[in-house]
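I opened the model today and kept notes on what I looked up. The entries follow in the order I made them.

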Amino acid sequence: MSVDNDFIYYGREEPIAEETGGRLPTALVFPGRKGAALSTLGWQAVYRLLAPEEELAVERFFLGDPGQPSVSMDSDKELSEFPLIGFSINFEEEYLHPVRMLKDSGVPALSSERPGFPLIMAGGPVAFLNPAPIAPFFDFFWVGEAEAGLKDLCLELKRHIYDGGNKNDFLELIKDRPGVYVPRKTSGKVKRALVPPTPCGENNHVPVLSTPAYSCFISPEAVFKDMFLVEVNRGCPYGCRFCAAGYIYRPPRHASLDQLKNIVELADPPKVGLVGTALTDWPDLIPYIEWLKNRKTKFSLSSVRADGLTEELLDILRASGVRTVTLALEGASKRLRDNASKNLNEEDFLRAVELCAAKGVNHLRMYIIVGWPGETDADYEEFASMLEKIDQARSRGQGNKKKQFMRITLGASCLVPKPWTPLQWTAMPSEKELKNVLAKVNSLTKKYKGVTFSGDSPFQARLQGILARGNEELHKFIMIAAEKGGWKKAFKYYEGDLEKFIDHNLDKDAPLPWDFIETGVNKSYLWREWERYLKGIMTPPCPPEGCVECKSCGMHKWLTDNSTTN
């Protein structure tokens, strides 16, 4: 393990469980398999934040076998032995796992049945999207960025317990603080916890991300095998109307070049994965990957915008052994892309495809979304034409290089209208309708050599929509899923109306289960963006100068208020 001030990195090593004398035993739980946890930055960032604290004894838990108590990866202790249990939850489909893990460990799943310790908290993106469906299971939620105060809260709890305090008194103490939601106790709005962006650096054009996340573990078991992940940017300036990340992580922030160089120098990993929602917008992307290349460190990038894929960038990627490039088209037609405010020109996308083929990319992954509000057959007729143009662009790029034929995988996902996006008011198509449009897209790919199709599950998409937009009554549905062994069985046994959450458009003034959260983006702004979707009017991306120069969505005022109250 390498340690430099606050730098914590274990690499392939396993941490040694700390003695609990004088420390608060703290279980940090990832409600999924170990391989997924080791490729998830948020969970590792929380571990790195809490584990070094001398007053906490932090141990790791992952999803185990059904019916068996959850056991620490760092000792032989069971989950029920820990007075503080924290779940890091990233996706709605994971909701049944905390319930099952608690029940299998002999801990009542419902907070109302746990008057004493353990105190069970939850954090992660769902905590500031819509925690309502799982609120009855947790004593409190950390709403926002862990770096903005979670550690201090855990240390306060430790001292409260060691001074003889009880759980209810602690919850009463914290119930109305920024970043804290205590179900049935918190009054008023909950302000998302946020590390304020630092002023723009000399070579940056947007506010700086002062606390970029990075891996503290790598493993051959990880989904991204032996890859050290670093966070290049947080938030996204484009504000695509379907994407929650573009709204709940505002304001957009970039890490500094020197920060990320220092992190890699300290870790010295075999391979680096750059993570971000807008990688090609980072002004220092090319200098950084050139630096990685020169130090003979392998690297890979997550999905890049087609209009940011330059010849210079692709030359560096190919020279470094990158064989696969991922591009997101999103809407099947220009109309749908404009409705979604994708801010992407067809010409830029086709140029990127041609460039990939010319530079010898082996595999191009492309993604679209189906199930848009107001989509018609005409949109997919246009997509059929777009596929032909993509095939022609591939042929132009390849020329006579027959041995470098570029495979294309077209992935199609179903639109899930998420909270805190302009589409939060729209209905979802039926499962049958989604299956039909996926089949249509699949059929369009058949005529092209080397093009394969990968489609989303309409059932899973609608399930995600229900869980994303539901209220507290859904906790009964989640409990059935945990007890009966899965979501499909829960649909069979649950007696309530689940489709009501996704089968109808919502009115402007309809109360939403997540209205009590303050992300910084005004609800009125989201409604205006929904109206602009319906009219096909695009909205410009966030300006490079940041919120002070924009004053459009409400974030500028929220940031000012946040700086005066904290």
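In which sense do strand 3 and strand 5 pair, and over how many bridges? I found that strand 3 (residues 24–30) and strand 5 (residues 84–88) pair in the parallel sense over four bridges. Helices (H or I, at least four residues) and strands (E, at least two) are DSSP runs, numbered from the N terminus. Two strands pair if DSSP finds at least two bridges between them. I looked up Ala27 and found Ile85 in strand 5 as its bridge partner.

A note on the source: this is a predicted model, where local features need pLDDT of at least 70 and side-chain atom pairs count only at pLDDT 80 or more, while totals for chains, interfaces and linings use all residues. Residues are numbered from 1 along each chain as its sequence is written, and side-chain values use heavy atoms, with hydrogens and water left out.

I traced six strands in an open sheet, in the order 4-3-5-6-7-8, with mixed pairing. Strand 4 (56–62) and strand 8 (180–181) are the edge strands, each pairing on one side only.

Helix on the sheet. I saw helix 2 (residues 41–50) lying across strand 3, strand 4 and strand 5, at about 160° to strand 4. Such angles run from 0 to 180 degrees between N-to-C directions, with axes fitted to C-alpha atoms, for helices over the stretch in contact. Contact means heavy atoms within 4.5 Å.

Aromatic rings. I counted 26 aromatic pairs in the structure. Rings of Phe, Tyr and Trp (its six-membered ring) pair if their centres lie within 6.5 Å; planes under 30 degrees apart count as stacked, over 60 as edge-to-face and the rest as tilted. Phe61 and Phe82 form an edge-to-face pair, 5.3 Å centre to centre with 90° between the planes. Phe61 is in strand 4 and Phe82 in the loop between strand 4 and strand 5, 21 residues apart.

Why does Phe61 count as buried? Phe61 counts as buried because its relative accessibility is 0%. Phe82 is buried too, with a relative accessible area of 2%. Buried means under 20% relative accessible area, exposed over 50%, partly exposed in between (1.4 Å probe, protein chains only).

Charge over a ring. I found Arg305 over the face of Tyr238, at 3.7 Å from the ring centre. The test is NZ of Lys or CZ of Arg within 6 Å of the ring centre and within 35 degrees of the ring normal.
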